[in-house]
Structures are given as C-alpha cells and as structure tokens.
Amino acid sequence: MDKLIVLLDADDTLLDFAKSEKEAIVSTLKEYSVPVTDEIVDRYVQINKHCWKLLEDGKITRVYLDRLRFDMLFEEFGITGKDTVAAGACYRAHLTERGYVINGAVEFLDNISKKYRLFLVTNGTQPTQIVRLRTAGIDGYFEDMFYSEQIGCAKPYKGFFDHVFSHIENFDLSRTVLVGDSLTSDILGANNAGITGIWFNPKGLCLDDKAVPDYTVAGYAELEKLLDAIDKKEQTKQ
Ligand SMILES: [Mg+2]
C-alpha cells in the first residue's frame with residue numbers, strides 16, 4: 001500500500017505569517033521614514049489580505065501585488081513621494097528574513113513525516129518561502145515544494161494542482177489530502193482538484209458558502225489523528 005500523500009499549505013498552517021508580516025511591515029515603514037502606528041500596521045494587514053484575494057481571483061499578478069499594497073497604503077495615509085515598487089521589495093526582503101513556526105508544528109511534522117509523504121503547496125514566492133521555511137527549521141520535511149509563482153497558476157485553480165499532481169512520483173488521487181487554513185485558496189483548491197480537503201481552523205472561523213471542507217480540525221494533535229484515520233480507512237478500502 002502506497003503511503004498517504006499529504007499536501008500542506010505554509011502560511012498560517014505551519015508558519016506564523018501574522019508575526020512575520022507585522023515585523024516586516026514595521027521594519028519597512030521605519031526604513032521609509034513613515035511613523036509606525038497600530039493604525040497603519042493594522043490597515044496594511046487588511047490591505048494585504050485584500051490584495052491576496054485579488055490574486056486568488058485572478059485579477060492581479062503576483063508581481064503587481066508587491067507594489068499594489070504600498071500604492072494603496074501610502075495613498076490612504078497621504079504619504080507621497082515614495083517609490084512603492086522599492087517599498088514592496090523592501091517589505092519582501094524583511095519578510096524573507098523571518099520564519100516562525102506555529103507552536104507544535106515541528107513536532108507534528110516530525111511525527112507525520114515518518115508515516116506519510118509530505119509536499120508543500122504555497123502561493124508564496126519561492127525565494128521568500130524557502131528562506132522562511134529554512135529559518136523556521138522545517139524545510140527538510142518535504143519531498144518536494146510547489147510555488148504558484150513558478151507554476152504560473154495559483155491555488156485554488158485546477159492548473160496549479162494539475163502541475164503538482166504530474167510532478168509527484170507514483171501519484172494517487174485517492175490517497176492524497178490537502179491541509180490548509182484558507183477556504184478560498186486551499187479548500188476550494190482541494191474541491192476543484194477532487195482531493196480530500198482538511199481545513200486547519202484553530203481560530204474557529206465560520207464557513208463561507210463556496211468551499212466545502214471534508215474535515216475541519218482545530219490543531220495538530222487532532223490533525224494527526226485524522227490523517228491516521230484517513231490512512232487506515234483508505235487502506236481497508238483497497
Ligand atoms: Mg495559508
């Protein structure tokens with residue numbers, strides 16, 4: 001029996017994105033001599049989310065996203081005369097330096113990597129994510145890593161998953177699950193790709209009407225138990 005194939009999202013599933021993001025935006029604002037307040041930092045977080053949603057909806061490119069968030073932020077706060085392309089690059093550089101795992105993620109990966117085949121599937125950019133995963137000490141757990149920017153297609157689109165599936169040796173759709181925190185990219189992506197979607201939802205967020213998770217878990221212990229159960233269930237099916 002082939003091992004279960006587990007596709008894992010990176011940010012907010014294994015990596016603490018909020019912590020990295022806050023530190024990176026504070027450093028960037030300081031570098032651009034913009035006064036750092038809770039208001040501007042919070043607004044950046046909201047704008048960033050909005051821009052990522054535009055990317056998921058196919059309305060903007062990954063490269064444009066980098067500057068757009070600073071175009072929007074600076075305009076809203078009446079900050080003029082700044083190069084937003086450079087600010088985007090500066091933010092990315094600061095983000096790259098920072099990789100923090102969510103509590104319990106290393107132990108979780110350590111446990112499941114002994115039983116299952118692990119692959120990373122992320123909409124983040126490769127140079128940023130690879131350094132953050134390395135800094136966080138979890139890059140070694142994956143058989144392969146897939147980045148939407150390189151593939152030219154992002155989660156939740158089927159094209160992203162078609163590429164991933166065709167690059168996994170001995171791929172078996174019925175033995176593949178995806179774990180992620182985002183309904184709009186991960187779970188909708190699993191739905192589009194016809195694989196089991198596990199919603200990692202430690203914050204207890206509400207479902208929307210578009211994405212349909214097969215399972216929902218609140219933490220790593222529950223997630224590991226679920227993977228073991230799915231593995232056994234699939235094995236007895238054979
Ligand atoms: Mg995520």
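This is a predicted model: local features need pLDDT of at least 70, side-chain atom pairs count only at pLDDT 80 or more; totals for chains, interfaces and linings use all residues.
Biologist: Okay, back up to α2 itself. How many residues has it got, and how far does it reach?
Modeller: Helix α2 covers residues 38-56, so to speak 19 residues. From its first C-alpha to its last it reaches 27 Å, close to the 27 Å expected at 1.5 Å a residue.

Biologist: Which of its residues are buried?
Modeller: In α2, the buried ones include Tyr44, Cys51, Trp52 and Glu56. Looking down the axis of α2, its buried residues fall within an arc of 140°, so they line one face of the helix.

Biologist: And what's on the other side of α2?
Modeller: Over there Glu39, Asp42, Gln46, Lys49 and His50 are exposed.

Biologist: What do the buried residues of α2 pack against?
Modeller: They pack against α1 (17-31), α3 (62-76) and α9 (183-193).

Biologist: Let's take α1, then. At what angle do α1 and α2 pack?
Modeller: At about 120°, and their axes are 10 Å apart. That angle makes α1 oblique to α2.

Biologist: Is the crossing left-handed or right-handed, and which residues make the contact?
Modeller: α1 passes α2 in a right-handed crossing. On the α1 side the contact is made by Glu21, Lys22, Ile25, Val26 and Leu29. On the α2 side you'll find Ile40, Val41, Tyr44, Val45 and Asn48. Notice that Tyr44 is also one of the buried residues of α2.

Biologist: How do the axes of α1 and α4 sit?
Modeller: The axes of α1 and helix α4 (residues 84-96) come within 8 Å and cross at roughly 135°. That makes α1 oblique to α4, and α1 passes α4 in a right-handed crossing.

Biologist: Which residues meet there?
Modeller: From α1 there are Ser20, Glu21, Ala24, Ile25, Ser27, Thr28 and Glu31. They meet Ala87, Cys90, Tyr91, His94 and Leu95 in α4.

Biologist: Switching to α6. Which residues are buried there, and what covers them?
Modeller: In helix α6 (residues 126-135), Thr128, Gln129, Arg132 and Leu133 are buried. Seen down the axis of α6, its buried residues fall within an arc of 120°, so they line one face of the helix. What covers them includes α1, α4, β2 (117-122) and β3 (144-147).

Biologist: What comes just after α6?
Modeller: Gly137, with a positive phi of about 80°.

Biologist: Now Leu109. Where is it, and is it buried or exposed?
Modeller: Leu109 is found in helix α5 (residues 105-113). Leu109 counts as buried because it has 21 C-beta neighbours inside 10 Å, and the cut-off for buried is 20 or more.

Biologist: What is Leu109 in contact with?
Modeller: Leaving aside its neighbours within four places in sequence, Leu109 is in contact with Ile138 and Tyr141.

Biologist: Which residues does the cis peptide bond join?
Modeller: Lys155 and Pro156, with omega at about 15°. Pro156 is in the loop between α7 (148-151) and α8 (158-166). Most peptide bonds are trans.

Biologist: What about the phi of Ser33?
Modeller: The phi of Ser33 is near 55°, a positive value in a residue other than glycine. Ser33 lies in the loop between α1 and α2. With 8 C-beta neighbours inside 10 Å, Ser33 counts as exposed.

Key. Residues are numbered from 1 along each chain as its sequence is written. Helices (H or I, at least four residues) and strands (E, at least two) are DSSP runs, numbered from the N terminus. The expected span of a helix is 1.5 Å times one less than its number of residues. A residue is buried if 20 or more other C-beta atoms lie within 10 Å of its own, exposed if 12 or fewer, and partly exposed in between; C-beta atoms are placed from the backbone. The arc is that of the directions from the helix axis to the C-beta atoms. Two residues are in contact if their C-beta atoms, placed from the backbone, lie within 7 Å. Axes are lines fitted to C-alpha atoms, for helices over the stretch in contact, and angles run from 0 to 180 degrees between N-to-C directions. Angles under 35 degrees count as roughly parallel, over 145 as roughly antiparallel, 65 to 115 as roughly perpendicular and the rest as oblique. A crossing is left-handed if the near helix is turned anticlockwise from the far one by less than a right angle, and right-handed if clockwise.
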